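Here is a short tour of a protein model, written for someone who likes to check numbers against coordinates. Have the viewer open as you read along.

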Amino acid sequence: MEFFVVVRARGHVGVFCNGMLSLMAGSIIVCLHNVWSGPATLLTLLGWAQVFKGLLSLTMPSIGLKGMMRVSMDKAHEFQLAGALFLVFCAVIAYGWLPA
């Protein structure tokens, strides 16, 4: 939470930094894991979503800043919920890798 609050305080520069992080992570996932079958497809979709988020932040920083304005210490429960959902997401992907 504190990271996003600090990045948001930088305005458009912070949006560009966040966009570059998203673009980098998404590009790595897409390059190394472009799988379109089974539960592993979820990881590929996550990668493409990160690429899209990064490109959106870099080309339209006002939209990225608007999204980052939602981040505050009062809304920590939203990050906790997202983290819990991400753990479920990871469990589904891990289940897809188990031998049949």
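Predicted model: local features only at pLDDT ≥ 70, side-chain atom pairs only at ≥ 80, totals over all residues.

## Fold pattern

## Overall dimensions and surface

Along its principal axes, the C-alpha trace of the protein chain spans about 50 × 30 × 15 Å. The protein chain has 100 residues, of which 27% count as buried.

Its accessible surface comes to about 6800 Å², and carbon and sulfur atoms account for 75% of that area. As for contacts in the protein chain with a separation of 6 or more, 71% of them link residues 24 or more positions apart.

## How α2 meets α4

Two packed helices are described by the angle between their axes and by the distance between those axes. What are these values for α2 and α4? Helix α2 (residues 12-32) packs against helix α4 (residues 61-68) at an angle of about 90 degrees, and their axes lie 9 Å apart. Angles of 65 to 115 degrees count as roughly perpendicular, so α2 and α4 are roughly perpendicular to each other.

Which residues make this contact? From α2 come His12, Gly14, Val15, Phe16 and Asn18, which meet Pro61, Ser62, Gly64, Leu65 and Met68 in α4. Sorted by class, the contact of α2 with α4 holds five nonpolar residues, five polar ones and no charged ones.

How values were computed:
Residues numbered from 1 in each chain as written. Heavy atoms only, no water. Axes fitted to C-alpha atoms, helices over the stretch in contact; angles between N-to-C directions. Helix = DSSP H or I, 4+ residues; strand = E, 2+ residues; numbered from the N terminus. Parallel < 35°, antiparallel > 145°, perpendicular 65-115°, else oblique. Contact = heavy atoms within 4.5 Å. Nonpolar A, V, L, I, M, F, W, Y, C, P; charged D, E, K, R; others polar. Buried < 20%, exposed > 50% of the residue type's maximum accessible area, 1.4 Å probe, protein only. Areas by Shrake-Rupley, 256 points an atom, 1.4 Å probe, with all protein chains shown as cover.
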